[in-house]
Each structure stands twice: as C-alpha cells, then as structure tokens.
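Here is a short briefing on a two-chain complex.

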Amino acid sequence: MSARDDVLNRVRAALGQPGVGTTAAGAVGATPADVQVPREYRSAGEHSPGSAAVVEQLVDRLVDYKAHVHEVTAAELPDRVAELLVAPEQAVPESEAAGGSVVVPSGLDEAWLGALPSDVVVHRDVPDSPLSALALDEVDAVLTAARVACSETGTIVLDGERDQGRRAISLVPDVHLCVVRTDQVVQTLPEAVRILADHPGRPQTWISGPSATSDIELDRVEGVHGPRTLHVLLLAT
Amino acid sequence: MSTFLGIPGIRRRSGASDGGTPADGGSTAGEGPFGPVPHPDEPLRWGDAFPAAAKQTLANDQLRANLGHATRTIRAKRASVVGEVPDWEALRDTGSAVKEQVMADLPDLLAQLEENVTARGGVVHWARDAAEANRIVADIARAKEADEVVKVKSMATQEIGLNEYLADEGIAAIETDLAELIVQLADDMPSHILVPAIHRNRAEIREIFLQRMGDAPEDLSDVPRELAMAARAHLRRKFLSAKVAVSGANFGVADTGTLAVVESEGNGRMCLTLPETLVTVMGIEKLIPTYTDLEVFLQLLPRSSTGERMNPYTSLWTGVTPGDGPQEFHLVLLDNGRTDVLADEVGRSALHCIRCSACLNVCPVYERVGGHAYGSVYPGPIGAILTPQLTASSGGVSGADDVNASLPYASTLCGACYDVCPVKIDIPSILVDLRAREVDADRGRSGVDPWKAAMKAASWVMSDGGRFGLAGRAATLGHGLGGSDGVISKAPPPASAWTRSRDLPAPPKQTFRQWMAAHERDADHPDANYREADGYDSSHSRAETATNRSRRPGGDEGETTEGRR
C-alpha cells in the first residue's frame, strides 16, 4: 500500500471509520461530533478604509515597529523618494542611508521616479531578465507599491503584482521604500484578508516593520536578514 | 481519579543513569564545552524521565535565571497585546472550533490540499513516520546535487531529526533562525518551541559564536544587536547561493493549496524565495479549511507567540509561481504518530496546537525546570500531552516502562496553560486523563508495587471512620521527624519514595479530631483558654470554633458525621 493510502486509512481509522485498518498503535477511534464554527469576531472595524483614524493608527503601529513613516501627496512623492535615495542624511540618520542604486518592479508608476537625479542607477526588474540574488545584494534599495495595509496590526501586504514585483527584490536590498495609498488602509485583519482572498494564489509577503529578532533573551533587535530599514510612504488619496 | 497527584513510579530510559548524575552513554546530558547538553537518540524521547531530569535542571541556577527573565518578559508582552483585542475570546472560540472541524474532516481536507498544491505545480509526498520523511527530503536534495540545504525553523523537522539524518547522508543542514543557529552551533537541543535558545543568555551566545561560527568578529561583544549582525553576516552568502531550502509550515490552506510561514528575521523569506527548490515538511494536522480562516489564526498566533500585534514577516505561497521564488516545490505530509493522537477522543485536541508556545511561558513548572527536562522537542504543557501521545505506538502514554509516561505529571494543574491557549486546548483535563490511563495501565503490572500497595492500604483505612481515626493518631508519632521548619525532607522507607522527589510536612502533635474533642470540652466552659489546644494555629482555632460550634459533631472520634459517610 502506498504511504498516501496508508496515512489516509490511518486518519479514517482514527476517526472511527470501519474497514480501513487501525492507526500505527493499533487504535480505532470514535467518530467526532458535528462541529458548528461560531464567527462572532469582528469582520470589520468601526473606522472605514482610508479614513483619518485608520491612517493614524497605521502610523502609530509602524513607528512602534521602528519603521520610518512619511505622509506625502502625489505631488510630493517623487521628491521624497529622491530625497530618501540620494540625500539620506537629510531624512534619516546616516547609518540608515539608502545609496545610489535602486531596484524597481517593471510595473511601477514611472512618475514616482520623476525627481531622481541622473546619477542614481535604476534597475528595472523585468520578468525576461531578472536580477540574480547576488546582483540584488549589490543594490542599495528597493521601491515598491503595496496591495493592502491593516492598521490594527501595522501590516503591509505585497502580493507580487507588477507594481510590487517578485518577492526577491523586496527582500535582498537593505532598504525598502514602500508606497501605500491611504485608500488601501483597512482597520482589521479580516478586512485585509478578504481583499487578498480575491487572488489567494498570488505569492504574498506580509510586512510588519523591518526584520527583527527576539531570540536573545527575548530582547527585540530590529534588522536581521530582511531589509534593515523600512520607509513607508503614505500617499494621500 | 483520586491518585493523579502522585507519579506512580520513576522510570529511566534503559541504559540511562541513576538519578542526579549525567550518564556517560549517548542518551542523556553530557558535559559539553557550553555546559551539559542533551544528545538524543530520538527527538521525542531522550534522557531520563521527567522527575529525574527536572532534578538535574533545577540545580542549574544560570538556566533558571535565564528562563525566569525570558518568560517574565514574554508574559508581559503577550498580556498587553492580547488585552487590546476586544474580540479575543470570540477569536479563540472560532480558532478552537475550526481546528475541531479540521480534525473531523481531515481525510477530505488532506485530499483537497493535495489536489490544489498539485494543480499549482507542487509535488505532494506522504510520510508514515520520521524515517520515511527524512528519506524523501534527502532524496530530493541528492537529486538536486545539493550537499547543503538552508533551513527555516521548523518543529516538524526537529521532531523527525532531519538534520542528523541529512548529516549522515553527507548533506549539511544549515539552521538560519538565530536561535536555531545558536542551538546548532552549540551542538545543543532546543528548549522552547518558539525561542529554542531561551536557556542561553547573551554572554553564553557570544562564547558560542566566537568558538563555533568560524567567521565571528574577534571583538564581538554580547550586545544582542551585535550578535544578530554577526549571524546576518555569517548566513548572507549561504542564502544567496543555496540551491535547496527546507521549511515547515504554520498553516496549510486546503481550499487553495496555500502554505504559510510566520517569522521575524527574514531568514524564512530568504529560504522560501531564493533557492531553486523548496521542500516543506508539514504535519497532517496543520491544515485549515479555507483561505479566509487565516484572518482568525494570523490574529491569534503572533499575539500569543511573540507578544506582537503581528510578526515582522509572513510568507504565503501556492505551489509554484512562474518567475517568482522556487520553481520546484515539494510538500511532505507527515503522520509520525499524529493519527494515534487523533484516535484518542480526549487527547486529539492536542493536535489543534498552532505551536505558539504561550503555554510554556505561563507554566510555573516549565519556568523552573526548562525545556530539556521534558526530553522531547515539544516541552512544556503542550509537550506533556503531545509527546506521550505521539509516541504511543512505541511505548508512550501507557507504556509502563516508557520514560514519556511520566510527562503528564510534569504539571501542577494550575490551568494557566488553558487560559492562554489561543485555540483553547484544555491541557489540564487531558493531563488528568492521561494520568488516569497511566495508573490504569499500571494496575495490571506484576510484582510488588509500593505505590499500589500504599494506595490500597490508604483506601482500606479511609473507608472506615474508626480506622481513619486510629491512623491519624498513629501519624502524630511522626511529628518528631520534622526539622525545625516542620518539614520532613528524608523519611524512612517506604515513605522515602515520596520524599525522594518532594518534601513532606511533619504531622502535627495532635490530630484535628483530638483537637476538636478537647476543644468541644472547652467550649462547654466559656472561660477556657482555646490556645491550650496545641498543635494548631490559634487564630485558625478560633475560626474553626466559630463555624463548628453550631454543628457539634459527635464527641467520639470514630463516630463523627464524616466518619459515617
């Protein structure tokens, strides 16, 4: 008998189905009772998506995670992107400086790059000629959009669409600039999950602050293998 | 059952040492360069039985200090972030019911998961036991000509001893989670589900890195940030060049074939994204029925686990996505004793566990003895119910001579584990049930069992008021055995069986019945000095007097209302 059939038969035996043998220990279990699943938890928050209250809560959570938050209008966004990439000492401490190169997904809004000086190297990661992991390791920063954000948990979700790119580009570079439109911000996790459920098969990365570890005496240290600096550009809509 | 507070017998693994000293064999703690570390033959059954192992670990002051500090920190964090969720109890109710539903529908859900993973370009393997799962992973690595695999922290691969198996096959498994790396470099075993190196403090970790990492900076300090940066530098090249990664899974979604891994450092994302081939080993119980069920479990897990509103990174993937991440994906579905647990009507809810480790952090026993005393990669309250059930087919819960049989006694039954469990596993009730079964199984054993004999004698004495009164008076003869603190720590046989593992309060000079009789006589004379009724605390006596005076039980000790019952 194949391992598959064997395991499935053991499961059936454990659940009291006759004629399929026993579990490894020789047991045949009792049939479980029917289960009703209660769903009394909140499926939406009291604040509507994109409202000032949820944006404020998202900012609070992100700052708590030690992410850098920049609230900008569409007109200000290109300049702020350029500032963070080119002259980081003006925006953030020098130790967290983004450098002179940036990788962007192929479907990114080109306007966001409009204010970059010509000496900044922009790598456009296109499906036909993706950058290798080693090449990505040489790039200073990555700029992406996002799919949805959840304010209660301070979570931003990327789902690999053309304005966010494949997972590797937002992982290997040490600085991540992520643009979140305020109308993408929902309050509760169920609201976010139900948006994502439209395309559950897309590879998703849920990001709640920069990488961190609590493995040494449960002391939180921000910045391990993932991007050590996370800039969130909250774009007013 | 009235006997669940006693451990029927202390068992040792055959070949293991006697009591408090480390064995020289390979099966229990040996003195390594970083202190005593266990070297298990089996990841679910190593070292001495819990009572003996706990005695050893309790003697380690450093361990207790490290654990006390860490569990206090995490308890406070968890309480704070759970407290801010208004519908926490509703989420727990849903989480619990969904998991119950998963168990009831497991055959269908497994088939559904397999179908959806396959449809998205993944390959599904089934493993009856650890050996079979290990072979599958090794075969895949060999087929990819990889002599090195990078690993995401995973309890399932700990449970099957994958790293050791791969090493024997000439394949190096590199743990990339910081705590797992610490454990691996120290040639140690994990002592916590979430933070496997929780028993190590920063100074010890610095030593381990300096001696074992190879490329640790010479001036490395013990500041956690510096230690984390040393690990980052050490693992960076491995991530960028690895061909094969091995992971576990926090959740497998049946209706979409989506797998989820929840992590903090980004090592998980590295492993799940950069290599060409990904092998995920998942216990068959890790299923959830629908994608939207994630909205429940991804609220419950991070807050219970690390005490964060959300963990820094969660990765979700479904089969293979062209142009994004590994282009070859294997899912290994693991039984390894789970169906034995499922067959148990009471114990099967242990399979609801989402491995958050909240029960470890609140457990007064775990906090003091640490994870290694449990002799399993699953320590703490959940380990005490899961481990013996998982090993049922090879001894386990009712195996009279199995070291795991004592695990259900590694608890005070205080119930804190149940209160914090995000999926409401009633751990105390399962512990009591497993204890009862253990006692029942022992009943059939041949030979003179002092515990059984004592219980039988106690039953004879306690079933008759007259005999009970006599026994009580006889017991007062033991008053002199107590030290100045009124505690007997070394009683003569057969009571020595009890005092080997715990103290015994010395019996008072007089029994309650004697005191009561004297007191009743005094009560007839209001001037009498109650304090003369010696052997009892005076304030206690007054209170007793007030409540008992109206009831006036019969004067004769053997004929109280209690005794006639």
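In this predicted model, strand E4 (residues 141-144) of chain A pairs with E7(A) in the parallel sense. Four bridges hold that pairing. On the E7(A) side, Leu177(A) is the residue opposite Leu143(A).

**Around strand E7 of chain A**

- Strand E7 of chain A covers residues 175-181 and is mostly covered. Six of its seven residues are buried.
- E7(A) also runs parallel to strand E12 (residues 229-235) of chain A, joined by seven bridges.
- In that pairing, Thr229(A) in E12(A) stands opposite Val175(A).
- In a regular strand, side chains alternate between the two faces of the sheet.

**A sheet across both chains**

- Which strands make up the open sheet, and in what order? There are eight: E8(A)-E5(A)-E6(A)-E9(A)-E11(B)-E8(B)-E7(B)-E10(B). The pairing is mixed.
- The edges are strand E8 (185-186) of chain A and strand E10 (287-288) of chain B. Each of these edge strands pairs on one side only.
- The chains meet in this sheet where strand E9 (residues 204-207) of chain A pairs with strand E11 (residues 313-318) of chain B. The sense is antiparallel, over four bridges.
- Within that pairing, Ser315(B) in E11(B) is opposite Thr205(A).
- On the chain B side of the sheet, strand E7 (residues 251-253) of chain B and strand E8 (residues 258-263) of chain B are antiparallel, with three bridges.
- Val253(B) has Thr258(B) in E8(B) as its bridge partner.

**The interface**

- How many residues does each chain bring to the contact? Chain B gives 81 residues and chain A gives 70 residues.
- Helix H3 (residues 88-104) of chain B supplies the largest share of the chain B side, with 10 residues.
- By class, the chain B side that touches chain A holds 39 nonpolar, 24 polar and 18 charged residues.
- The predictor assigns the complex an ipTM of 0.94 and a pTM of 0.85.

**Overall form of chain A**

- Chain A contains six helices and 12 strands.
- Why is chain A described as more spread out than a compact globule? Its radius of gyration is 23 Å, well over the 18 Å that the globule rule gives for 237 residues, so chain A is more spread out than a compact globule.
- Its C-alpha trace spans about 75 × 45 × 40 Å along the principal axes.
- The domain assignment gives domain 1 (1-35) and domain 2 (52-235) for chain A. The C-alpha centres of these two domains of chain A lie 47 Å apart.
- Of the 237 residues of chain A, 51% count as buried.
- Among chain A contacts between residues at least 6 apart in sequence, 68% join residues at least 24 apart.

**Confidence in chain B**

- Chain B has a mean pLDDT of 85, and 84% of its residues reach 70 or more.
- Where does the pLDDT of chain B fall below 50? One such stretch is residues 8-29 of chain B. In the model it has 59 contacts beyond near neighbours in sequence.
- Residues 530-565 of chain B also stay under 50 in pLDDT. For this stretch the model has 41 contacts beyond four places in sequence.

Key
Residues numbered from 1 in each chain as written. Chains lettered and ligands numbered in written order. Predicted model: local features only at pLDDT ≥ 70, side-chain atom pairs only at ≥ 80, totals over all residues. Domains from an automatic or database assignment. Helix = DSSP H or I, 4+ residues; strand = E, 2+ residues; numbered from the N terminus. Rg over C-alpha atoms; globule rule 2.2 N^0.38 Å. Buried ≥ 20, exposed ≤ 12 C-beta atoms within 10 Å, placed from the backbone. Contact = placed C-beta atoms within 7 Å. pLDDT = per-residue confidence, 0-100. Nonpolar A, V, L, I, M, F, W, Y, C, P; charged D, E, K, R; others polar. Pairing = 2+ DSSP bridges.
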